[in-house]
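This report looks at charged side-chain pairs and at one packing of helices. Please keep the sequence and the structure in view while reading.

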Amino acid sequence: MYVWPCAVVLAQYLWFHRRSLPGKAVLEIGAGVSLPGILAAKCGAKVILSDSLELPYCLEICRQSCQMNNLPCVQVVGLTWGHISQDLLALPPQDIILASDVFFEPEDFEDILTTVYFLMQKNPKVQLWSTYQVRSADWSLEALLYKWDMKCVHIPLEAFDADKDDIAESALPGRHTVEMLVISFVKDSL
């Protein structure tokens with residue numbers, strides 16, 4: 001468990017938008033060590049961290065991150081992408097969903113978007129703020145987004161000062177190619 005380059009870029013995006021975060025309901029999916037979610041909580045958002053129910057070690061890492069950052073009010077829940085669970089059903093409507101480098105394995109893309117779609121049904125104005133590392137030119141979300149009645153806007157990294165090899169005095173994101181997306185429902189469908 002470590003901080004991935006995409007997490008630092010997403011955290012930079014959150015920091016750039018920190019004044020809009022107080023009071024927002026924010027869910028981080030696939031949280032791992034939870035850098036973006038922890039930052040959102042530190043900026044005043046009401047944060048829920050989640051990782052796979054099938055990976056209890058990852059959920060424990062989320063809890064430890066909260067403990068180390070003195071955030072006892074941050075809830076940690078097990079959500080497995082593509083599965084409807086009691087925890088997923090119990091989630092309140094969210095304003096922002098965070099996803100750092102979850103679009104890693106193409107076979108998971110549909111399950112991730114199924115879960116996001118379910119959450120968008122609770123609040124059609126919710127946005128998914130996602131960073132991903134470009135690993136193959138053959139991978140694309142566009143067709144799946146169309147299928148799920150979603151759209152994405154690519155956010156240039158220079159728009160939030162993330163177009164560097166190092167952010168916040170770390171060596172990340174390094175020379176990895178990271179993309180930033182904001183995914184939402186297609187407006188015509190509302």
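A residue is called buried when its relative accessible area is under 20%, exposed when it is over 50%, and partly exposed in between (1.4 Å probe, protein chains only). By this scale Glu-60 is partly exposed, with a relative accessible area of 34%. The model is predicted, and local features need pLDDT of at least 70, side-chain atom pairs count only at pLDDT 80 or more, and totals for chains, interfaces and linings use all residues. Residues are numbered from 1 along each chain as its sequence is written, and side-chain values use heavy atoms, with hydrogens and water left out.

**Salt bridges**

Side chains of opposite charge can pair when their charged atoms come close. With a salt bridge taken as a side-chain nitrogen of Lys or Arg within 4 Å of a carboxyl oxygen of Asp or Glu, the count comes to 2 salt bridges.

| Pair | Closest N to O distance |
|---|---|
| Lys-147 and Glu-110 | 2.8 Å |

Helices, here and below, are DSSP runs (H or I, at least four residues) numbered from the N terminus. Glu-60 and Arg-63 both belong to helix 3 (residues 56-68), where a spacing of 3 residues separates them by about one helical turn.

The salt bridge between Lys-147 and Glu-110 joins helix 6 (residues 142-147), which holds the lysine, to helix 5 (residues 106-122), which holds the glutamate, so the pair ties together parts that are 37 residues apart in sequence. Lys-147 is exposed at 54% relative accessibility, whereas Glu-110 is partly exposed at 25%.

**Packing of helix 1 and helix 2**

Helix 1 (residues 5-16) packs with helix 2 (residues 35-42) at an angle of about 20°, their axes being 8 Å apart; the axes are lines fitted to C-alpha atoms over the stretch in contact, and angles run from 0 to 180 degrees between N-to-C directions. The two helices are therefore roughly parallel, a term for angles under 35 degrees.

Where contact means heavy atoms within 4.5 Å, helix 1 brings Ala-7, Val-8, Leu-10, Ala-11, Leu-14 and Trp-15 against Leu-35, Pro-36, Leu-39 and Ala-40 of helix 2. The residues of this contact divide into 10 nonpolar, no polar and no charged, with Ala, Val, Leu, Ile, Met, Phe, Trp, Tyr, Cys and Pro counted as nonpolar, Asp, Glu, Lys and Arg as charged, and the others, Gly among them, as polar.

Key
Angles under 35 degrees count as roughly parallel, over 145 as roughly antiparallel, 65 to 115 as roughly perpendicular and the rest as oblique.
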